[in-house]
Amino acid sequence: MQKNTFVVILVFSLMATAPAVASPLNLFIQQCLQFKPTLSQLDTQASTSTQAVQFEQLTLGFNNINDRLNYYRDLAQDNQRESILMCQLHLADELQAMLNSPNLTKLISKLENDEPTYAKLSLRLATLKATQLDINLKSQLHNAQATIRRNLQSQYLSMVFNQSGCELPQPINSATAEIKSKETLDMSNVETNERNKKDFDISLAKYLILQPDEQCRKSAWIAYQTRAKEKNKTPLAAIKTIKMASNAAKPSIYSAQYYDSNLTSAQITRFLDSQTNNINVAPWNIGQHLATLPHQAYQGTTSALTLIEQSMDVLSDFGVTFDVIKPYAHKLDNNLPSQQTNNLNLTGTDKDTDTDTDTDTDTENLTLNANQNTTIRVWHDKRLLGELFIHPGEKTTSHTIRYPVIGHQFAQVSISYREKIKNRRQALNVIDAIAQAISGLARGSQFYLNNKFGASADHHQLGQHWLSQYIQLRVPHLQASAREQAASVYQQQLRAFRSQLIMQFYSTSHLDTASLHNTFYNSFNSHWYEAADLTYSFNGIANEGIEYYLPLWYQALVNVIIHSRKSSVTARQVFEIFIVNEDNLILSEQLAIILAPPTDISSIIRRIINDGNSKD
């Protein structure tokens, strides 16, 4: 008997800009609200391999709609936010229904007792089910996070003093701040007025550079860090309660054979201790310190398209090649009466979508032209990875519109870029976007969850970080100046301190203010006895939580991979193991191939510590 398959077809322009996106977005929202995925057709009596394939077929439409929603979220106008929220809430309800399905419980049990490939998928599903918050808790979490974000992004800030020695003789910028000798205001508090926060941040930075008195600079910096302390206490406490309740379901999962994603608390603490290095510069002195260092002007290309082409040339090292699809390249014109459109099957069946382009479009060698939207077909050796859409925009970003699933669908990724590059930071943003795009396109698992989240959940971005670093080392004129190096060291040390603060916040009932002061002193060679107040000064503690340390961990692992991989392992093999990962290897299995033993997490941390000591 023929089975019913729910297919959602969406006609829209992949190259649409925000002003032109309203009509396809409205259509998408309607179809999103009508979409009803179900696992009722899963044949629980079939073989493990058959059930795994059926599960992908039954859930792929839901996953594609969810990813499409994330893509549209950045393009939508303010009056479309409510519709997006309605779709998001509907998908949350449908996900909860699927996770509670008896057939999913049977599938997890079936997969768990099979070969490693399926056992790992079972663990991924069990983790997703155990850690999923109900809709009420999820709503409370998001509301608390939004409250903290609003408190930190207050648009009405000004600096005020009551210490006569802390005023500057002239206003920093008459248009953005008033720091005059006649003002008699309290610097222990940052009050509100009608000044724009971005301008305020600039004026504060200028003040920290121009103020010769260190105690005044310290008072100003601390006042800014603690500006939302009282407002953020309640929502942050709520977030801690919700996250701890969610983590309570994890211990049995963590003990599973194929779960090596999270470091233990002791391992994280040891790693962060190894990252605590006294840079001998206090946060309130960093501006003046950087101003004294030599800075070499950016010498690289000023064209984002040229840098994209240079990065794509580097990718040929891994057998990645590119073909421009001619019919989809057209001049960007927001006044066009219509945009070039594609039929998109949200269930992702390749025979209905991607292979059509093989017969009705021509390709040419990679040549990117300014002011054009360009569609590029991406290959890895002889495997078609999917399509990459490149177009100019106000900022440089990368979005994975559709993840690849071997045997089911190819990938689609969009890169928006600023046409002119003015400095090294903007150049690195372009390379990061390319690395993110290729990492999204090249995933080689037959399971969607592994391609989106990785076989090891908290390490799925490791390959992307390695790839970005690899490209950076091979594109000319990207060397950091002494000033840029010092700024990077400071940002890294600040993240290390914040990460240790987060670890304490989520693992203890009360912060140890004395130990945090000591850690702050050991990081910056300056005293701040109330360093625990930094808890309320940044969004990462509410959003990323304990995972805030991961960029430091990724960078440390990338350094180990670059400098300590086996001589017999090529960069191409690293690409295939960490990015393609067709065999669904978890981190310990990947490291065992790349590095000489021992390669367990504790041994890797020892290598990181030894490398740090040798540099000292």
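Okay, quick definition before we start: helices here are DSSP runs of H or I with at least four residues, strands are E runs of at least two, and both are numbered from the N terminus. This is a predicted model, where local features need pLDDT of at least 70, side-chain atom pairs count only at pLDDT 80 or more, and totals for chains, interfaces and linings use all residues. Residues are numbered from 1 along each chain as its sequence is written, and side-chain values use heavy atoms, with hydrogens and water left out.

So, Asp533. You'll find Asp533 in the loop between α19 (513-524) and α20 (540-543). Is Asp533 buried or exposed? Buried, because its relative accessibility is 16%; the cut-offs are under 20% for buried, over 50% for exposed, partly exposed in between, using a 1.4 Å probe and protein chains only. Beyond neighbours within four places in sequence, Asp533 touches Thr226, Lys229 and Trp528, contact being heavy atoms within 4.5 Å.

Phe, Tyr and Trp rings (the six-membered one for Trp) pair if their centres lie within 6.5 Å; planes under 30 degrees apart are stacked, over 60 edge-to-face, the rest tilted. That gives 18 aromatic pairs. Take Phe505 and Tyr506: centres 4.9 Å apart, planes at 85°, so edge-to-face. Phe505 is buried at 10%, and Tyr506 is buried at 4%.

Then there's Phe520 with Phe524, also with centres 4.9 Å apart, but planes at 55°, so that pair is tilted. These two sit about one helical turn apart, because they are four residues apart in α19.
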